[in-house]
Amino acid sequence: MRAILLGKTMLGMRVQDLLAVYDHVQGRPDVDATRVTVVGAGCMGGVALCAVALEPKIRHAVAEQSLASYLQVLRARDYPETLVDIVVPGALEDFDLPDLAAHLLARAAKRPRGRQNCRIPSARP
């Protein structure tokens with residue numbers, strides 16, 4: 001809730017933190033930055049997808065037991081307790097999570113070794 005009071009989203013702040021960690025890790029001489037995998041489970045799956053979408057150098061992403069669609073949440077009207085952690089006001093005006101996943105798969109297909117480095121997020125019941 002504090003994120004919203006600051007005019008930010010929790011998801012956005014977590015993505016920013018994750019990208020800062022990646023920046024630190026990729027600068028280390030003992031890390032091969034091309035082999036870094038971003039993994040997000042539960043409400044962190046959206047964080048992983050957004051971070052990879054914003055940073056093309058991150059080549060591997062996994063989102064497990066994550067929200068599959070913002071539209072799905074609105075239609076169900078059964079809002080998860082963690083809604084404040086995953087909400088992005090106005091996101092559906094431009095994209096939904098399946099669109100983001102499709103973009104990442106298309107980008108991965110253009111790379112050597114292609115789609116084997118991406119996994120579609122699994123829907124949470």
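Okay, let's start inside: the second largest cavity is lined by Gly42, Cys43, Gly45, Gly46, Ser66, Leu67, Tyr70, Ile86 and Leu97. By cavity I mean a set of points, on a 1 Å grid over the protein atoms alone, where a 1.4 Å probe fits but cannot get out, and lining residues have an atom within 4 Å of a point.

Quick caveat: this is a predicted model, with local features needing pLDDT of at least 70 and side-chain atom pairs counting only at pLDDT 80 or more, while totals for chains, interfaces and linings use all residues. Residues are numbered from 1 along each chain as its sequence is written, and side-chain values use heavy atoms, with hydrogens and water left out.

Back to that cavity. Its volume is about 50 Å³, volume being the space filled by probe spheres set on the points, with points joined across faces, edges and corners. The structure holds 3 cavities of 30 Å³ or more. What classes make up this lining? We get 5 nonpolar, 4 polar and no charged residues. For the classes, Ala, Val, Leu, Ile, Met, Phe, Trp, Tyr, Cys and Pro are nonpolar, Asp, Glu, Lys and Arg are charged, and the others, Gly among them, are polar.

Tyr70 and Ile86 turn up in the cavity lining, and also in the lining of the second largest pocket, along with Val73, Leu74, Tyr79, Leu83, Val87, Val88, Gly90, Ala91 and Leu92. A pocket here is an open set with protein on both sides within 12 Å along at least five of seven lines. This one comes out at about 170 Å³, and its lining has 10 nonpolar, 1 polar and no charged residues. Helix 4 (70–76) and helix 5 (83–86) each supply at least two lining residues, with the largest share, 3 residues, coming from helix 4. Helices are DSSP runs (H or I, at least four residues), numbered from the N terminus.

Now the helix packing. Helix 2 (residues 10–26) and helix 3 pack at about 55 degrees, axes 9 Å apart. Axes are lines fitted to C-alpha atoms over the stretch in contact, and angles run from 0 to 180 degrees between N-to-C directions. Contact (heavy atoms within 4.5 Å) involves residues including Arg14 and Leu18 of helix 2, and Gly46 and Cys50 of helix 3.

Helix 3 (residues 44–54) also packs on helix 6 (residues 97–109), at about 45 degrees with axes 10 Å apart. Leu49, Cys50, Val52 and Ala53 of helix 3 meet Leu100, Leu104 and Arg107 of helix 6.
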